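Please open the model in your viewer and keep the selection panel at hand.

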Amino acid sequence: MYPWKVSLGLTVAVTASLVFVAAARFDYLSPHRRLILTEYWWPVSFHASSVVLNIVVALAGVLRSLGLYDVGRKVDLVERSVRRGDGDPDLARRLHDQEHGDFAE
């Protein structure tokens, strides 16, 4: 899995939870929703996109500091080397058998 996919997925999850909490907190604005969206659509969309961008950058920074940012690329590199036959020959044989539908022990 690529780092941008992880960061995007986490951003969607965090943003959805923040929208859910904000909708409950700002329910008193619901009668004025049409006015807010017609008169102030530009600042609202600008600030919402700024929040999403900040969440993406913060999550990417946290993932990089934890060493999880390049995990997908490292796993892909190890898997390709095992499939070539480098490393554990028993694992390479089992992966080859699995690709061809032979699941016998």
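A residue is called buried when its relative accessible area is under 20%. The model on screen is a predicted one.

**First selection: Thr11.** This residue belongs to helix H1. Is Thr11 buried or exposed? Its relative accessibility is 3%, and therefore Thr11 counts as buried. Now display its surroundings. Apart from neighbours within four places in sequence, the residues in contact with Thr11 are Val52, Ile55, Val56 and Leu59.

**Next selection: the largest pocket.** The space in the largest pocket amounts to about 670 Å³. Its lining consists of 18 residues, and those closest to the centre are Val19, Ala22, Ala23, Phe26 and Val44. Colour the elements that give two or more residues to this lining: helix H1 (3–25), helix H2 (33–39) and helix H3 (41–66). Which of the elements gives the most to the lining? That element is H3, with six residues. Colouring the lining of the largest pocket by class shows 13 nonpolar, three polar and two charged residues.

Within H4, select Gly72, Ser81 and Val82, which are buried. Helix H5 (89–99) is included in what covers the buried residues of H4. Finally, move to Gly85, which follows H4 and has a positive phi, near 110 degrees.

Methods: Residues numbered from 1 in each chain as written. Predicted model: local features only at pLDDT ≥ 70, side-chain atom pairs only at ≥ 80, totals over all residues. Heavy atoms only, no water. 1 Å grid on protein atoms, 1.4 Å probe; cavity = no way out; pocket = protein on both sides within 12 Å on 5 of 7 lines; lining within 4 Å. Points joined across faces, edges and corners; volume = space filled by probe spheres on them. Helix = DSSP H or I, 4+ residues; strand = E, 2+ residues; numbered from the N terminus. Nonpolar A, V, L, I, M, F, W, Y, C, P; charged D, E, K, R; others polar. Buried < 20%, exposed > 50% of the residue type's maximum accessible area, 1.4 Å probe, protein only. Contact = heavy atoms within 4.5 Å.
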